[in-house]
Amino acid sequence: MTGGTIVLAGGRGTRMGGVNKAALTVHGERFVDRLLRQLPYGTPAVVVSPHFLGVPQVCETPLYGGPAAGIARGLSELCSREGTDRDELVAVVAVDAPDSPRLLPRLAAALDRAPDAGVALVRSADGHLQPLCAVWRARCLADALEALGSPRHASAMRLIRQTRWVAVDSDAHQSERDYDTPAELRAFRQAAEY
(Lines give C-alpha, C1' and ligand atoms only; values in the text may rest on other atoms or scores of the structure.)
Protein backbone atom coordinates (compact mmCIF):
# COMPACT_ATOMS: atom_id res chain seq x y z
CA MET A 1 0.00 0.00 0.00
CA THR A 2 2.19 2.81 -1.20
CA GLY A 3 -0.38 5.60 -1.58
CA GLY A 4 -1.90 5.45 1.87
CA THR A 5 -4.99 4.56 3.83
CA ILE A 6 -8.10 6.60 4.57
CA VAL A 7 -9.71 5.60 7.89
CA LEU A 8 -13.31 6.75 8.16
CA ALA A 9 -14.19 7.57 11.77
CA GLY A 10 -16.68 10.39 11.34
CA GLY A 11 -19.97 8.67 12.05
CA ARG A 12 -22.32 9.45 14.91
CA GLY A 13 -22.24 5.93 16.41
CA THR A 14 -26.04 6.04 16.81
CA ARG A 15 -26.58 2.28 17.16
CA MET A 16 -23.78 2.20 19.74
CA GLY A 17 -25.52 4.87 21.83
CA GLY A 18 -23.89 7.91 20.24
CA VAL A 19 -20.30 7.07 21.19
CA ASN A 20 -17.11 7.88 19.31
CA LYS A 21 -16.41 4.40 17.93
CA ALA A 22 -12.75 5.19 17.27
CA ALA A 23 -12.26 5.40 21.05
CA LEU A 24 -13.94 2.07 21.85
CA THR A 25 -11.48 -0.44 23.26
CA VAL A 26 -10.75 -4.13 22.93
CA HIS A 27 -8.09 -5.63 25.22
CA GLY A 28 -7.32 -2.08 26.39
CA GLU A 29 -6.53 -0.80 22.88
CA ARG A 30 -8.67 1.77 21.07
CA PHE A 31 -10.27 0.69 17.79
CA VAL A 32 -8.35 3.40 15.91
CA ASP A 33 -5.02 2.26 17.36
CA ARG A 34 -5.76 -1.42 16.68
CA LEU A 35 -6.59 -0.59 13.07
CA LEU A 36 -3.54 1.63 12.50
CA ARG A 37 -1.24 -0.98 14.08
CA GLN A 38 -2.37 -3.58 11.54
CA LEU A 39 -1.73 -1.49 8.43
CA PRO A 40 1.10 -2.71 6.22
CA TYR A 41 4.40 -1.34 7.53
CA GLY A 42 5.17 2.20 6.40
CA THR A 43 1.70 2.91 5.02
CA PRO A 44 0.75 6.59 5.37
CA ALA A 45 -2.68 6.96 6.96
CA VAL A 46 -5.15 9.73 7.63
CA VAL A 47 -8.12 9.38 9.96
CA VAL A 48 -11.23 11.38 9.05
CA SER A 49 -13.00 12.24 12.31
CA PRO A 50 -14.51 15.23 14.15
CA HIS A 51 -13.19 13.83 17.44
CA PHE A 52 -9.65 14.55 18.63
CA LEU A 53 -7.84 11.21 18.61
CA GLY A 54 -4.17 12.15 18.87
CA VAL A 55 -3.37 10.64 15.47
CA PRO A 56 -2.92 12.25 12.02
CA GLN A 57 -6.47 13.30 11.20
CA VAL A 58 -8.73 15.72 9.38
CA CYS A 59 -12.45 16.52 9.41
CA GLU A 60 -14.80 16.42 6.48
CA THR A 61 -16.82 19.54 5.72
CA PRO A 62 -19.59 19.61 6.67
CA LEU A 63 -19.20 17.36 9.69
CA TYR A 64 -21.08 14.09 9.44
CA GLY A 65 -21.24 14.51 5.67
CA GLY A 66 -21.29 10.76 5.04
CA PRO A 67 -18.82 8.18 3.73
CA ALA A 68 -18.14 9.67 0.29
CA ALA A 69 -17.49 13.11 1.83
CA GLY A 70 -15.06 11.51 4.29
CA ILE A 71 -13.30 9.65 1.49
CA ALA A 72 -13.00 12.87 -0.54
CA ARG A 73 -11.48 14.70 2.42
CA GLY A 74 -9.10 11.85 3.19
CA LEU A 75 -7.90 11.59 -0.41
CA SER A 76 -7.31 15.34 -0.54
CA GLU A 77 -5.20 15.11 2.62
CA LEU A 78 -3.17 12.13 1.39
CA CYS A 79 -2.43 13.90 -1.89
CA SER A 80 -1.38 17.16 -0.24
CA ARG A 81 0.41 15.82 2.85
CA GLU A 82 1.87 12.55 1.60
CA GLY A 83 2.26 13.40 -2.08
CA THR A 84 0.10 10.44 -3.11
CA ASP A 85 -0.02 10.36 -6.89
CA ARG A 86 -2.56 8.98 -9.34
CA ASP A 87 -0.61 5.76 -9.98
CA GLU A 88 -0.58 4.62 -6.35
CA LEU A 89 -3.08 2.55 -4.39
CA VAL A 90 -5.29 3.99 -1.67
CA ALA A 91 -7.13 1.88 0.89
CA VAL A 92 -10.46 2.90 2.44
CA VAL A 93 -11.44 1.29 5.75
CA ALA A 94 -13.87 2.06 8.57
CA VAL A 95 -12.70 2.47 12.16
CA ASP A 96 -15.52 0.24 13.43
CA ALA A 97 -13.96 -2.66 11.50
CA PRO A 98 -10.61 -2.56 13.31
CA ASP A 99 -9.25 -5.80 11.84
CA SER A 100 -9.97 -4.89 8.21
CA PRO A 101 -6.32 -4.02 7.38
CA ARG A 102 -5.62 -7.77 7.35
CA LEU A 103 -7.43 -7.89 4.00
CA LEU A 104 -5.57 -5.07 2.27
CA PRO A 105 -2.77 -7.19 0.75
CA ARG A 106 -5.38 -9.51 -0.81
CA LEU A 107 -7.30 -6.53 -2.20
CA ALA A 108 -4.14 -4.99 -3.68
CA ALA A 109 -3.27 -8.33 -5.29
CA ALA A 110 -6.76 -8.52 -6.80
CA LEU A 111 -6.23 -5.12 -8.44
CA ASP A 112 -2.91 -6.34 -9.85
CA ARG A 113 -4.79 -9.21 -11.49
CA ALA A 114 -7.56 -6.93 -12.83
CA PRO A 115 -5.88 -4.03 -14.65
CA ASP A 116 -9.22 -2.67 -15.92
CA ALA A 117 -10.71 -2.40 -12.40
CA GLY A 118 -10.55 0.82 -10.43
CA VAL A 119 -11.27 -0.69 -7.03
CA ALA A 120 -11.22 -4.04 -5.23
CA LEU A 121 -13.61 -4.56 -2.33
CA VAL A 122 -14.49 -7.36 0.05
CA ARG A 123 -17.48 -9.67 -0.33
CA SER A 124 -18.57 -10.95 3.09
CA ALA A 125 -19.51 -14.56 3.71
CA ASP A 126 -23.20 -13.57 3.45
CA GLY A 127 -22.59 -12.19 -0.06
CA HIS A 128 -22.77 -8.50 0.84
CA LEU A 129 -20.20 -6.15 -0.66
CA GLN A 130 -18.21 -4.06 1.84
CA PRO A 131 -17.36 -0.72 0.18
CA LEU A 132 -15.54 0.45 3.32
CA CYS A 133 -13.01 -2.34 3.06
CA ALA A 134 -11.53 -1.51 -0.32
CA VAL A 135 -8.36 -0.68 -2.21
CA TRP A 136 -8.60 1.90 -5.00
CA ARG A 137 -6.30 3.05 -7.75
CA ALA A 138 -5.84 6.69 -6.68
CA ARG A 139 -6.59 8.01 -10.16
CA CYS A 140 -9.82 5.98 -10.32
CA LEU A 141 -10.90 7.21 -6.90
CA ALA A 142 -10.29 10.82 -7.95
CA ASP A 143 -12.22 10.23 -11.18
CA ALA A 144 -15.09 8.54 -9.31
CA LEU A 145 -15.35 11.46 -6.90
CA GLU A 146 -15.43 13.88 -9.82
CA ALA A 147 -18.13 11.84 -11.58
CA LEU A 148 -20.15 11.68 -8.38
CA GLY A 149 -20.36 15.46 -8.05
CA SER A 150 -21.12 16.55 -4.50
CA PRO A 151 -20.07 13.76 -2.13
CA ARG A 152 -22.25 15.09 0.70
CA HIS A 153 -24.51 12.34 2.06
CA ALA A 154 -23.46 9.97 -0.74
CA SER A 155 -22.81 6.35 0.13
CA ALA A 156 -19.52 4.59 -0.48
CA MET A 157 -21.35 2.10 -2.72
CA ARG A 158 -22.57 4.95 -4.91
CA LEU A 159 -18.95 6.00 -5.28
CA ILE A 160 -17.91 2.44 -6.19
CA ARG A 161 -20.53 2.37 -8.93
CA GLN A 162 -18.65 5.16 -10.74
CA THR A 163 -15.92 2.72 -11.83
CA ARG A 164 -15.22 -0.93 -12.62
CA TRP A 165 -14.73 -3.04 -9.53
CA VAL A 166 -13.67 -6.51 -8.52
CA ALA A 167 -14.78 -8.35 -5.37
CA VAL A 168 -12.58 -10.52 -3.13
CA ASP A 169 -14.06 -13.05 -0.72
CA SER A 170 -13.49 -12.40 2.97
CA ASP A 171 -11.00 -14.39 5.00
CA ALA A 172 -11.82 -17.09 7.55
CA HIS A 173 -11.81 -14.51 10.36
CA GLN A 174 -14.27 -12.17 8.60
CA SER A 175 -11.76 -9.38 9.21
CA GLU A 176 -13.96 -6.82 7.47
CA ARG A 177 -16.67 -7.19 10.10
CA ASP A 178 -17.81 -3.96 11.71
CA TYR A 179 -19.18 -3.48 15.21
CA ASP A 180 -22.26 -1.28 15.41
CA THR A 181 -24.11 -2.30 18.57
CA PRO A 182 -23.19 -2.91 22.22
CA ALA A 183 -23.99 -6.63 21.79
CA GLU A 184 -21.63 -6.90 18.80
CA LEU A 185 -18.94 -5.08 20.78
CA ARG A 186 -19.29 -7.47 23.73
CA ALA A 187 -18.99 -10.47 21.42
CA PHE A 188 -15.90 -8.97 19.75
CA ARG A 189 -14.22 -8.30 23.09
CA GLN A 190 -14.76 -11.92 24.12
CA ALA A 191 -13.52 -13.41 20.86
CA ALA A 192 -10.85 -10.97 19.65
CA GLU A 193 -7.21 -11.94 19.45
CA TYR A 194 -4.61 -9.48 20.74
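Two strands count as paired if DSSP finds at least two bridges between them. Keep that in mind as you look around this predicted model.

**Stop 1: a pair of strands.** Select residues 4-8, strand β1, together with residues 45-48, strand β4. These two strands run parallel and are joined by 4 bridges. Now pick out Leu-8 and look across to β4, where Val-48 stands opposite.

**Stop 2: the whole sheet.** Widen the view to the open sheet of 7 strands. Reading across, the order is β5-β4-β1-β6-β8-β7-β9, and the pairing is mixed. At the edges you will find β5 (57-58) and β9 (165-169), each of which pairs on one side only.

**Stop 3: helices on the sheet.** Next, select residues 67-82, which form helix α2. This helix lies across β1, β4, β5, β6 (89-94) and β8 (129-137), and runs at about 145° to β1.

Stop 4: Is Ala-110 buried or exposed? Ala-110 counts as buried, because its relative accessibility is 5% and the cut-off for buried is under 20%. Beyond its neighbours within four places in sequence, Ala-110 is in contact with Ala-120, Val-166 and Val-168. For a distance check, draw a line from the C-alpha of Ala-110 to that of Tyr-64: the two are 46 residues apart along the chain and separated by 31 Å.

**Stop 5: two histidines with positive phi.** Go to His-27, in the loop between β2 (25-26) and β3 (29-30). His-27 is not a glycine, yet its phi is positive, at about 55°. With 34% relative accessibility, this residue counts as partly exposed. Then jump to His-153, in the loop between α4 (138-148) and α5 (156-160). Here phi is again positive, at about 60°, and His-153 is exposed, with a relative accessible area of 56%.

Stop 6: Finish at the second largest pocket, which holds about 220 Å³ of space. Coloured by class, the lining shows 7 nonpolar, 3 polar and 5 charged residues.

Definitions and conventions: Residues are numbered from 1 along each chain as its sequence is written. This is a predicted model: local features need pLDDT of at least 70, side-chain atom pairs count only at pLDDT 80 or more; totals for chains, interfaces and linings use all residues. Side-chain values use heavy atoms; hydrogens and water are left out. On a 1 Å grid over the protein atoms alone, a cavity is a set of points where a 1.4 Å probe fits but cannot get out, and a pocket is an open set with protein on both sides within 12 Å along at least five of seven lines; lining residues have an atom within 4 Å of a point. Grid points are joined across faces, edges and corners, and a volume is the space filled by probe spheres set on the points. Ala, Val, Leu, Ile, Met, Phe, Trp, Tyr, Cys and Pro count as nonpolar, Asp, Glu, Lys and Arg as charged, and the others, Gly among them, as polar. Contact means heavy atoms within 4.5 Å. Axes are lines fitted to C-alpha atoms, for helices over the stretch in contact, and angles run from 0 to 180 degrees between N-to-C directions. Buried means under 20% relative accessible area, exposed over 50%, partly exposed in between (1.4 Å probe, protein chains only).
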